[in-house]
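Here is a short briefing to read alongside the model.

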Amino acid sequence: MNISLTGRAIELTDPIKEYLQNAIGSLSKFNLDIISAQAVCAKRSIGKKQGVSVEFTINLAGKNTVVIKQSDDDMYAAIDIAIERAQKALRRMHDKISDHHHEGMNSAKTESADVKAAAEALEDDVIPVELDSYKPREVADVLEELKAGEKQFEIFLDNDGKTRVLYKRNDGRYGLY
């Protein structure tokens, strides 16, 4: 990036030049292709009132030129305000280019539609199957397992083929459904 510093009716001292270069260098964080940046500092006087005006001209590759003008009584204050405005403008341009808020949303929508279609296809093919691994068990055997283990409940088939639930109650006893 080419940086040009100009003073009109004012002498740019080394500290001011360094401050301007650091301020303009901070604009590179937006990853925009900045070709050149020009800073013009001018002394202005309106009647008895005197001050300083700062103008930044930032040339971007393939985009419009950004021009920021700022006036203030203090040189450093004018530079700070102008740089903040330039950063805001470049941040907006960067956000328009990257569009990170909506990145990947179209692919996420199509993936969710594919998942819904697959789920609907599976709903139609539900076939109940009776498991052979569940053998009828005695309530006393299940009660012993529940007492010995850390489970809160056990679901099983009893000798009559009924599904039963044996569970631990809050009062320390056991319940049976």
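Lys29 is exposed, because its relative accessible area is 54% (exposed means over 50%, buried under 20%, partly exposed in between, with a 1.4 Å probe and protein chains only). Lys29 sits in the loop between α1 (14–25) and β2 (34–46); helices (H or I, at least four residues) and strands (E, at least two) are DSSP runs, numbered from the N terminus. Please keep in mind that this is a predicted model, where local features need pLDDT of at least 70, side-chain atom pairs count only at pLDDT 80 or more, and totals for chains, interfaces and linings use all residues. Residues are numbered from 1 along each chain as its sequence is written, and side-chain values use heavy atoms, leaving out hydrogens and water.

**Surface charge**
- A patch takes residues with over 30% relative accessible area and no salt bridge, like charges being joined within 9 Å and nonpolar side chains (Val, Leu, Ile, Met, Phe, Trp, Tyr) within 5 Å.
- Lys and Arg count as positive and Asp and Glu as negative, while His and the chain ends are not counted.
- A negative patch brings together Asp73, Asp74, Asp80 and Glu84.
- Glu84 belongs to helix α2 and is exposed, with a relative accessible area of 54%.

- The protein has 4 helices and 7 strands, in the order β-α-β-β-β-α-α-α-β-β-β from the N terminus.
- Of the 177 residues, 23% are buried.

**Salt bridges**
- The count is 6 salt bridges, each a side-chain nitrogen of Lys or Arg within 4 Å of a carboxyl oxygen of Asp or Glu.
- Arg137 pairs with Glu145, with closest N and O atoms 2.8 Å apart.
- Arg137 also meets Glu154 in a salt bridge (3.9 Å, N to O).
- This second pair links distant parts of the chain, with Glu154 in strand β5 (residues 153–157) and Arg137 in the loop between α3 (105–123) and α4 (139–148), 17 residues apart.
- Glu154 counts as buried at 14% relative accessibility.
- Glu154 forms a salt bridge with Lys151 too, at 3.2 Å between the closest N and O atoms.
- Shared partners join Arg137, Glu145, Lys151 and Glu154 into one network.

Terms used. Accessible areas come from the Shrake-Rupley method with a 1.4 Å probe; for residues, only the protein chains shown count as cover. The place of a charge is taken as NZ of Lys, CZ of Arg, CG of Asp or CD of Glu.
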